[in-house]
Amino acid sequence: MIDLKDKRALVTGGTRGIGKGIVLRLAEAGAKVVFTYASSESLAKALEDEAAARGYTVYGFKADAGKFSDAEASVNFTIEKLGGLDILVNNAGITRDNLLMRMSEEDFDSVLNANMKSVFNYTKLAIRPMMSQRYGKIVNITSVVGLMGNAGQANYAASKAGMIGFTKSIAKEVASRNINVNAIAPGFITTDMTDKLNDKQKEALLNIIPLKRMGNSDDIANAVLYLSSPLSDYVTGQVLTVDGGMVM
Ligand SMILES: NC(=O)c1ccc[n+]([C@@H]2O[C@H](COP(=O)([O-])OP(=O)(O)OC[C@H]3O[C@@H](n4cnc5c(N)ncnc54)[C@H](O)[C@@H]3O)[C@@H](O)[C@H]2O)c1
């Protein structure tokens, strides 16, 4: 039902987990997609091959999302390869968890850089072509942790809460140019990022999730698909929580 034919999308951090799910879902809906990756050439190649086998147009581009010059190179690559940019998904993110007493300055800076500065980099670069074509969809992958906080994740929570303030501000700045800017706050989604949780932690989580399961990357990709499509044309500056009802 959702048709993204001829739409051009850029997804940061697309080689695995939620990012990979988003790349494949947008491509399945007909979009041409560039995804960025920080280091793993082999995962990037595997995703390009998987997408090509399904008949999708998908390219990988190596770029550190926290570096403005890398972000600029990937936006330029997207415009050159796909002929423009209609959809930006800021998905790249990391965790460096520790209690504040033990958190190093480096772990604070690296999380803010990868999760928050990256959103500044890509959004600033993407709105220029979107403003001139008077069309664009920007979706920022934040987290429920940015809404409710989490002991041991002050750096991560700050970066994700920062993304929410950023999303709302830019939504106001670019609304007149027909650009929608929204955020998705996933709850606990089964990926490499949450693999670190032990069974006891997972069980405790299930007790506070009304829908009684962890989410998967498709749950998030489906929400991205909606916010990237004309179905959400009258929605901007919002945070869509996709968490099985954990945070209400
Ligand atoms: N898994 C969850 O439960 C969960 C919950 C809430 C929010 N999120 C958010 O969803 C997004 C994806 O998470 P995931 O669970 O798939 O994690 P993941 O670790 O499996 O994947 C993250 C991706 O981002 C890439 N990345 C990290 N830093 C980068 C950088 N500087 N430049 C380019 N790429 C970079 C990684 O290479 C990887 O491909 C993140 O922003 C994360 O914070 C995840």
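Q: Let's start with two helices. How do you know which hand the crossing of α3 and α4 has?
A: This is a predicted model, and in it α3 and α4 cross in the right-handed sense. That label applies because the near helix is turned clockwise from the far one by less than a right angle.

Q: What angle and distance describe the packing of α3 and α4?
A: Helix α3 (residues 68-82) and helix α4 (residues 105-133) pack at about 35 degrees, and their axes are 9 Å apart.

Q: What makes the contact between α3 and α4?
A: On the α3 side you'll find Phe68, Ala71, Glu72, Val75 and Ile79. On the α4 side there are Asn121, Tyr122, Leu125, Ala126 and Pro129. Sorted by class, that gives 8 nonpolar, 1 polar and 1 charged residues. Glu72 is in the contact, and Glu counts as charged.

Q: Why is α4 called roughly parallel to α6?
A: Their axes cross at roughly 15 degrees and come within 9 Å. Angles under 35 degrees count as roughly parallel, so α4 and α6 get that name. Their crossing is right-handed.

Q: Which residues of α4 and α6 meet?
A: Among them are Phe108, Val111, Leu112 and Met116 in α4, and Tyr156, Ala158, Met163 and Phe166 in α6. The contact of α4 with α6 divides into 13 nonpolar, 5 polar and 2 charged residues.

Q: Why is α1 called oblique to α8?
A: The axes of α1 and helix α8 (residues 217-227) cross at roughly 50 degrees, coming within 8 Å. Hence α1 is oblique to α8. This crossing is right-handed too.

Q: What makes the contact of α1 with α8?
A: Contributors from α1 include Gly17, Ile18, Lys20 and Arg25, while α8 brings Ser217, Asp218, Ile220 and Leu225, among others. By class the contact holds 7 nonpolar, 4 polar and 3 charged residues.

Q: Now the sheet: what is the order of its strands?
A: The 7 strands run β3-β2-β1-β4-β5-β6-β7 in an open sheet with parallel pairing.

Q: What makes β3 and β7 edge strands?
A: Each of them, β3 (58-62) and β7 (239-242), pairs on one side only.

Q: How do you know that β5 and β6 pair?
A: Strands count as paired with at least two bridges between them, and β5 (residues 136-141) and β6 (residues 179-186) have 6, in the parallel sense. Isoleucine 141 stands opposite isoleucine 184 in β6.

Q: How does α1 lie on the sheet?
A: Helix α1 touches β1 (8-11), β2, β3, β4 (87-90), β5 and β6, and its direction makes about 165 degrees with that of β2. Helix α3 packs on the sheet as well, touching β1, β2 and β3, at about 155 degrees to β2.

Q: Last stop, the ligand: which residues are the closest to it?
A: Gly13, Gly17, Ala65, Gly93 and Thr191 are the closest of the 27 residues that surround the ligand. Two elements give two or more residues to this shell, α1 (17-28) and β2 (32-37). The most comes from α1, with 3 residues. The shell divides into 12 nonpolar, 12 polar and 3 charged residues.

Key:
Residues numbered from 1 in each chain as written. Predicted model: local features only at pLDDT ≥ 70, side-chain atom pairs only at ≥ 80, totals over all residues. Near = placed C-beta within 6 Å. Helix = DSSP H or I, 4+ residues; strand = E, 2+ residues; numbered from the N terminus. Contact = placed C-beta atoms within 7 Å. Axes fitted to C-alpha atoms, helices over the stretch in contact; angles between N-to-C directions. Parallel < 35°, antiparallel > 145°, perpendicular 65-115°, else oblique.
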